[in-house]
Amino acid sequence: QAAIGGHPSARHYLGIIEGSNGRRERAAKHWIIASKLGHDDSINSLRGFNEKGYVSKEDFSEALRGHQAAAEATKSPFRMATDMFSHHDNY
């Protein structure tokens, strides 16, 4: 139920189970969804699948773009302001 509700860790673990049972395509689908939600372990699992040829370059690229977009979306305005302040030269 957590996976259906969009919980990235649940999707990731379903991918592990599917992969362990030899269902690579289903594992990849779970990891693609979790990656697009910003789950780091899932994008790393997909990277391994891509290197072994189990997932297409296009699917991996799409998941990577989604992962990066999710990471950008989680940056809060406060965090960005703090980063800008900390990189400003203070005399």
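Predicted model: local features only at pLDDT ≥ 70, side-chain atom pairs only at ≥ 80, totals over all residues.
Good morning, colleagues. I shall begin with the aromatic residues. The structure holds 2 aromatic pairs. In one of them, the ring centres of W31 and F49 lie 5.0 Å apart and the ring planes stand at 70°, so this pair counts as edge-to-face; the cut-off for that class is an angle over 60 degrees. The pair links distant parts of the chain, for W31 belongs to helix α2, residues 24-36, whereas F49 belongs to helix α3, residues 40-52, and 18 residues separate the two. W31 and F49 are both buried.

F49 also takes part in a pair with Y54. Here the ring centres are 5.2 Å apart and the planes meet at 85°, so this pair is edge-to-face as well. Taken together, the ring pairs join W31, F49 and Y54 into a cluster.

Y54 has a relative accessible area of 34%, so Y54 is partly exposed.

Y54 has a further neighbour to report. The charged end of R24 sits over the ring of Y54, at 3.9 Å from the ring centre.

I turn now to the packing of helices. How do the axes of α3 and α4 cross? They come within 10 Å of each other, and the crossing angle is roughly 160°. Because angles over 145 degrees fall in that class, α3 is roughly antiparallel to α4. The crossing in which α3 passes α4 is left-handed.

Which residues make this contact? On the α3 side they are D40, I43, L46, R47 and N50. On the α4 side they are K57, F60, A63, L64 and H67.

My last item concerns A73. This residue lies in helix α4, which spans residues 57-73. With a relative accessible area of 64%, A73 is exposed, because the class begins over 50%. A73 and G38 are 35 residues apart along the chain, and their C-alpha atoms are separated by 9.4 Å.

To summarise, W31, F49 and Y54 form a cluster through ring pairs, with the charged end of R24 over the ring of Y54. Helix α3 runs roughly antiparallel to α4, and their crossing is left-handed. Thank you for your attention.

Technical notes: Residues numbered from 1 in each chain as written. Heavy atoms only, no water. Helix = DSSP H or I, 4+ residues; strand = E, 2+ residues; numbered from the N terminus. Buried < 20%, exposed > 50% of the residue type's maximum accessible area, 1.4 Å probe, protein only. Phe/Tyr/Trp six-rings, centres within 6.5 Å; stacked < 30°, edge-to-face > 60°. Lys NZ or Arg CZ within 6 Å of the ring centre and 35° of its normal. Axes fitted to C-alpha atoms, helices over the stretch in contact; angles between N-to-C directions. Parallel < 35°, antiparallel > 145°, perpendicular 65-115°, else oblique. Left-handed = near helix turned anticlockwise from the far one by under 90°. Contact = heavy atoms within 4.5 Å.
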